[in-house]
Amino acid sequence: MNHQNPKPPRFADRLLRWFCKDELLEEIQGDLYEYYAELQEYAKWKRTVFFWFHVLHFLRPILLKEISGTQKLNQLGMLKLALKTTKRTFFKQKLITSMSLLNLVFGVLCFHLIHVWIKNELSMDSFHQKINQIHLNTVRTNPQADLTPLSLELLFNVNFDQFSEVEKMLKVHVYNEGEIKFKTTDRIFDGKGFVVDSTFFGFFDFPPLSGSIDNILENPKNIVLSEEFARKTFGTSNPIGQIVEIKCDNRGSYQIAAVVNVPSNSSIDFDFLVPRHSQNFWRRIPQEFILTNQFFDLTAFNNKIETLGQNERFPESLLSTIPLREVYFNYPFEANIFSKRGDIQSVYIMVFIAGMILLITVFGFINLQASMQLSNIEKIGIKKLIGASERSFVYEIVVSRLFYLIVCSTLVFVLFNMLFPYYVNAMEVDVEPALFSDFVQILGATGMAVVISIFVGYYQFSKVKTEVAIRDSSSYHKAAKVQRTLTSFQFGIVSILVIVTMVVYNQFYHMTTTQTGFNDENIVSVDFFEILSGNRSDEERKRVNAMHAYVKDRINENPQVEGVSQGDMPIHSIAELTSWKRIGKGFEYTSQNRIVVDPAYVNLLGLSVMEGRFFSDSLDQHGQQKVVINEAAMKYWEIDDFTTTKIASNTSGRREYSFDIIGVVEDFHYEHLSNKINPLVMIYRPNIDDNFLVKVKDGQLSEGINFLEELYLEANPNGVFTYKLLEEEVEAQYSKERRIGKVYLSFTIIALLLSSIGLFTFALHETKRRAKEIGIRKINGASVKNVFTLLSGSFLKSILISFVIACPIAWILMSRWLENFAYRVPIAWWIFVSAGIVALTMAILAVSWQTLKVAQKNPVESLRYE
Amino acid sequence: MGKDHIGELEELILLLIVMLKEEAYGLSIRKALKEHASRVVTIGAVHGTVNRLERKGFIESSLSGATELRGGRRKRIFTITASGKKALQKSKDVKVNLWQQIPELAIEKV
């Protein structure tokens, strides 16, 4: 044998020394060293593993070190004891235990539900590996106009091959539900279809359910389905290999080649993908993406392409490309390719609410645990007197809190998975659950509450003076200042949330009931004609013009129709910003809203003319230099007499055109109600391809729509008829507000419940402490009412103080928020009063359960005790 | 469990302690177990068992024989006590008695 003394792994050795009984250590270490020396012939790592293996097998009760002190216990025995005391405490304090659990489960559950949503929102589109390389091409038709995502190659003849930093191109024609039909052998389905280049999967990483999808779109006979749509159309049977038919402005049959998953954190959402080269021509104007390589520099590239699109038709157009990863939060495009638009503000708000709920939960839990510990104060005193070490107390605290951790995380996890589908529906969010990471996060959130409560518990324990605890245990109950503060704090937060919710609801109510200034009932919008691209022949143009006149006549003749106009819909982001100025008086060009109208527009929407007249068929012609402005524009340009005033525009080309003002209409809300009514210029210049707004007679809406469908199919024999209702479009602008209102309301109610649990247990504790005092008071002639007011009063005082502090905070927060709205409801005094009433009522309900019980108790019982 | 009852591993180890005499310490018992009884156990298991046996009063021990290989640490040499011998004897008797009461096994043996 080798005489060199081999050194066994140091850490294992130290571990052994730590846990092994001192008197046995020598022989055990000796045996292990000898064993290690015998392993000479093995590789070092093997010896280490063997050594560790044996060291760990010394972990058996009989060999473990005992705890120093008077009790002869080892770690295991201590654990047993701690478990036993924990169990006993829980059974003795059933109410506090279950309230603690309820509080923790509820709070963590809510927190996690919000957390899942936030996470989904922030990870939007990040699953595409090349997300940082994907850019979306956009255009501004003039410097003031909004960015519009369009194919620059098709519309502006930009040749992207000349740029070495562009690797690949992708065009996507989007056909919305209703615009494209998906036909299986026996049924027809509506779906959202993308017509895409074969490079699609080179850009986006939608994971396939099976197999590889790399080159799948190169075959023009293939079609790819989303998982959800595959389920909808084929149920549980395997769709791969099935033949389906597609019908929009083209028709063709395809074979299903793959099914891909569209995750909830994808802003791009489709039901099926059709290869673009399967047909020669798709009428829909596509969106366009470019995939860039490492030589790409955004600013440099945008400078290069900026003016490439300036031609006769769009002399002022500015081209640019924007990173896809910025689209979701920064560019709320109305383009159909993006089915979701992010709102960073609501993410912040949700982060705030989640934080508040977690805070309330943690406070509540600490509070409940602290009162539980206080009720055991005598036990602690006696244990200390006998000589229990500090460690044994820590052990007990940790074990009891671990119980909460395990039970609560499991419950939350189960509940979360049960509630998840309802949550997704109710909040109108799109999130997918992820089992493992959900569990880890739930564990984390619960763990936080638990760890903090361990520290608080330890702090509380370390403050206990043995002698005082035994002699006068009730004096400790008074020390619950922390508890009182925490409860008040909780109620402060709740008051803020209640006020916030009330203000938000009030504002939304105000918005949805405000008169828009126009009549949106029974108006159907139909897109009869597609945009004619520049290269159409004159013949084609003539045919379309004739068809246009025919369609218009047919609509006007119909007895169910009250009126038809090709003006713009008065909804958000329809008006186009263009530059205008008043001639003379030193006005400069500014960006102002412009919408396109025709003479029928005024009656169709029921606008009222203040001065002058609206366009009329007899006096005005399409395209003349005349405008009608709104009241706000009149004020803005300080116009006293419109008949002598002219305004000018330099939008079309660099030349300046002057316009006569022929009339002024009363202000109406042509934008989202959060906007102030801005100056508006209306010109008589609708294009053939603009939507038709058809007002149908009251009660004949469905007949009217049927008529329009027939007419549409007559004009577009291969087309698919779709329509929009103006009323619904106007409504839809406020869906976000409605959703936020719902979210606020539900989480406020939850916060209110959570803090009521806290207050309830606090009251329980407090009344117990004063049981004797109340007995004496009652003997001396105090009535139930006296006692009740005395007890409740002390709680309500702190609630009241917290409410008073909460008011100005909420006020500041809400006046900030209201600044987003041009027309805001003032934060009325009654909001504060009713929020106060709500908070106080909840508090009184929570408190009076206990106080009433104590107040009605026979004093003999409380005094005889002891 | 009665105080004088011994388990199977305990019995084996007791027998080996008797057999090994002066050399009966933890590691050597483990080796002997492997050699004579084809039982591979961890060193910890051996120590656990001898400690239990000692607590029951079946063996005694003394420290001796530090070597360099052991990092200068002494061995604990175990010797069997009278009650240990009794327990072994009793355990054997029980088994022999049982064997003899089962005719099939008794015949097979012949």
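Angles under 35 degrees count as roughly parallel, over 145 as roughly antiparallel, 65 to 115 as roughly perpendicular and the rest as oblique. Axes are lines fitted to C-alpha atoms, for helices over the stretch in contact, and angles run from 0 to 180 degrees between N-to-C directions. Helices (H or I, at least four residues) and strands (E, at least two) are DSSP runs, numbered from the N terminus. The model is predicted: local features need pLDDT of at least 70, side-chain atom pairs count only at pLDDT 80 or more, and totals for chains, interfaces and linings use all residues. Residues are numbered from 1 along each chain as its sequence is written, while chains are lettered from A and ligands numbered from 1 in the order in which they are written.

**Helix pairs**

| Helix pair | Angle | Axis separation |
|---|---|---|
| α11(A) (residues 344-374) and α17(A) (residues 481-513) | about 155° | 10 Å |
| α5(A) (residues 94-122) and α23(A) (residues 735-769) | about 160° | 10 Å |

Contact requires C-beta atoms, placed from the backbone, to lie within 7 Å. Among the α5(A) residues that meet α23(A) are Leu102(A), Phe106(A) and Gly107(A), and the α23(A) side includes Ile750(A), Leu754(A) and Gly758(A). This contact comprises eleven nonpolar, four polar and no charged residues. In this classification, Ala, Val, Leu, Ile, Met, Phe, Trp, Tyr, Cys and Pro count as nonpolar, Asp, Glu, Lys and Arg as charged, and the others, Gly among them, as polar.

α11(A) and α17(A) are likewise roughly antiparallel to each other, with a left-handed crossing. Residues of α11(A) including Phe363(A), Gly364(A) and Asn367(A) meet residues of α17(A) including Leu486(A), Phe489(A) and Gln490(A). The contact of α11(A) with α17(A) holds eleven nonpolar, six polar and no charged residues.

Four bridges link β15(A) (residues 523-526) to β24(A) (residues 692-696), and Val524(A) has Val694(A) as its bridge partner.

Elsewhere, β10(A) (residues 243-247) pairs antiparallel with β6(A) (residues 181-183) over three bridges. Five bridges join β10(A) to the antiparallel β11(A) (residues 251-260), and these two strands form a hairpin with three residues between them.

**A buried residue and the chain interface**

Val327(A) lies in helix α10(A) (residues 324-330). Val327(A) is buried, with 25 other C-beta atoms within 10 Å; 20 or more count as buried, 12 or fewer as exposed, and values in between as partly exposed, with C-beta atoms placed from the backbone. The C-alpha atoms of Val327(A) and His135(A), 192 residues apart along the chain, are separated by 9.4 Å.

Between the chains, 18 residues of chain A are in contact with 18 residues of chain B. Helix α2(A) (residues 22-38) gives the most to the chain A side, with eleven residues.

Notes. Left-handed = near helix turned anticlockwise from the far one by under 90°. Contact = placed C-beta atoms within 7 Å. Pairing = 2+ DSSP bridges.
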